[in-house]
Structures are given as structure tokens and as C-alpha cells.
Amino acid sequence: MSLNTTSTPGYTFAASGGTASASDAVDPISYLYPHHSTATAQALVNPRGKGIYATDETIDGIEARLVAADGKEGESKVYTDAQKRQRRRRWRECLYESLPTEYISGVILYHETLLDFQLGSVLSNRGIIPGIRADTDAHPLPISPLEPATQGLDDLLPRLQAAAAAGARFSKWRAPILCNSSSLPTQAGLEAQAENLARFAAISQQAGLVPIVEPDILKKSIEVHVKIISMIYARCAAYGVLLEGSLIKPSFPQPGLKHPSRSTTSIPVAVAGVVFLSGGLSDSDAVRYLNAVNVVANKAPANSSFSRLPHLTFSFGRGLQGDAMQKWVKGDEAWAKACSLAAKGEA
């Protein structure tokens, strides 16, 4: 036996993400050039005007929103854990059953919603594509404790395979990036997030899912947007990510009117689409910004870089929900229609 084929105890691995065995067969088609993902990526941004609904809040996050939606009365109500779970399920189920399919192409689910509540079929039966949030907790970057580093890569493949089995067809990974006027973000912080996003994208395609990379820049610095997006796609190239089968979910950068970056772009033309997050913007501002960028794309001359951009649409959570939770989804369709018009530059 050659030394090169001798395994080291404790260091064997399986391409499928499970326990390795001598009989495991590696199927390169499962993770090299996953062309089937391009159809899903295109379906998430086509026809123009459709976008993605982000409903991937954590359990604590959705509980806080439900309490806030109750107003002052909600602060005094006491629910058992079973009642809270049932209320979360019922809210999600009602929401998914009433989403306007002419405006919503896909929905990002939290793992409880997809795997425990098994609500992916509610969406897919209505022609809406279910997706899964892939990242977990964020922890301080060791060399720069003020910056978060997103976790979840270690067991990502089996988690995404389980999500795919439950009906998910795409996944999303959020990488928060802190900015200030002096020291943040650090080069180490940017490199860590770019590396994590690229590895996530490669593993997502290995699991048969379309990856959505989300560099969430918490202050809208145009320089940081350009830098991190360029770094992400450099690392995606290193990992062999098929850009045509991927999407990016950036925040809205807000440069000054005379900033030179207004005439540049760092997103490769191969990327299937750009799905903006609403971030800290109000509902109306999120729609206004989305409409503005599409107006620019619509009016761009044929030789402009803006004319070669992929579809620019939305992946809003708060920006879509508005007061829907207070009215138990009655306000959702109006905002979805407004977002759809904005994604075509017609708002």
C-alpha cells in the first residue's frame, strides 16, 4: 500500500458530509459546476419585478416582533413555551398561505420553520421557492474583537442536505461588516467574511442549493461595498463557485452625488441577480432606493456598465412586513406590489 493512500486515524472524511467508509463513492457532478442551480437562480429574479421575502428571524427575534405587534397589551401577556411555538407556526403558516405569488418568487426560512414546522410545502405548492438561512451565531473575530465573524461552516453540508430534503432550493448566509470613520472594518475582518461567504457558496452548490451571499455592511460606505464584493468574488473563483447559479444580497450603498464610485460596479456580470436587503431603512425608503437603482439601470446607454447589470430586485423582511404582523398579514400585499414596481423602476 502506498503511503499516499494510507489514512490517518481521526482525519478521514466523506464527500457526502457523513461518516467515511471504504465504500463511499465520490460523485464529482454533485459539486463541480452544478448547472441545475442556474435555473433556480433565474427563477428567483424572473420575471422582472419578483423578489424574495426574508422570514428567517431567529426564535428570539420573531418572538420580540410578535410581542411588539401586540403593543402594550402584548407586554402583559404570558405564554407557555408550547403556546409561543404554536403562535410562531401559525403566524408563518398564515403568512405563507397569503403571500401574493405575482410579486414573491422565494422565501427564506429559519430552520425551525422548514425542518420542525415543515412549512416548505406550503410555499412550493403555491409556486414560491423555499430557501433556508445557513449561518448561525456570530462571534468576535479573535484579532479584532469589535468585529463579528459568522459561524456555521463546520456542519454546513449535512445541514444544507437536510434542508434540501425538506424542500429548500436555495440558501442564504449573512456576514455583518462593521464600519466606522477610522479603524473598521479591518483587512482581517474583510478577509474572514469574504472567505466564509465563498466557502458557504461552494458548499451550498455542493448540496444542490443556490447560494445567496449577503455582505451586510452596517454603515453604507461605498468604498467598503466595492472592496468586500470584489474580495468575495475573488474567493468564489478560488473555490469554483458557479456565479450563474448564485445571487448576492447587498445593502444599499449611499455615496455622495459626486463620488467617483457612482460610475463603477464590482459585481461580475455572470451573477444571476442582485437582491437588496432593506437594512435599517424604513419601508418607504427601501422601496424608493430600489426604484431609484432600477431607474438608473433602465436609462443606462447600451455601452454603460449599468446596462449589463443583472436584475436588481428585493429580499426584504422588515421592508415587506410593514404593519402586516399587526394586521396579521392584511397589509402585506400592498407592500409586495410596491416592491415589485420598484424592482422594475416603475414605482
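The side chains of Arg 159 and Asp 155 meet in a salt bridge at 3.0 Å, N to O, where a salt bridge is a side-chain nitrogen of Lys or Arg within 4 Å of a carboxyl oxygen of Asp or Glu. Arg 159 is partly exposed, with a relative accessible area of 26%, and Asp 155 also counts as partly exposed, at 39%; buried means under 20% relative accessible area, exposed over 50%, and partly exposed in between, with a 1.4 Å probe and protein chains only. This is a predicted model, in which local features need pLDDT of at least 70 and side-chain atom pairs count only at pLDDT 80 or more, while totals for chains, interfaces and linings use all residues. Residues are numbered from 1 along each chain as its sequence is written, and side-chain values use heavy atoms, with hydrogens and water left out.

**Other salt bridges**

- A search of the whole structure finds 13 salt bridges.
- Arg 133 and Asp 135 join their side chains in a salt bridge of 3.4 Å, N to O, and both of these residues are buried.
- Glu 195 forms a salt bridge with Arg 235, with the closest N and O atoms 2.8 Å apart, and this pair links distant parts of the chain, since Glu 195 is in helix α8 (residues 187–206) and Arg 235 is in helix α9, 40 residues apart.
- Glu 195 counts as partly exposed at 22% relative accessibility, and Arg 235 counts as partly exposed at 32%.

**Helix α4**

- Helices (H or I, at least four residues) and strands (E, at least two) are DSSP runs, numbered from the N terminus.
- The 18 residues of helix α4 (residues 81–98) should span 26 Å at 1.5 Å a residue, and the end C-alpha atoms are 26 Å apart, which agrees; the expected span is 1.5 Å times one less than the number of residues.
- Among the buried residues of α4 are Arg 87, Arg 88 and Trp 91.

**The barrel**

- Eight strands close into a barrel in the order β1-β2-β3-β6-β7-β8-β9-β10, and the pairing is parallel; two strands pair if DSSP finds at least two bridges between them.
- Strand β8 (residues 247–248) pairs with strand β9 (residues 273–276) in the parallel sense over two bridges, and Leu 247 stands opposite Gly 273 in β9.
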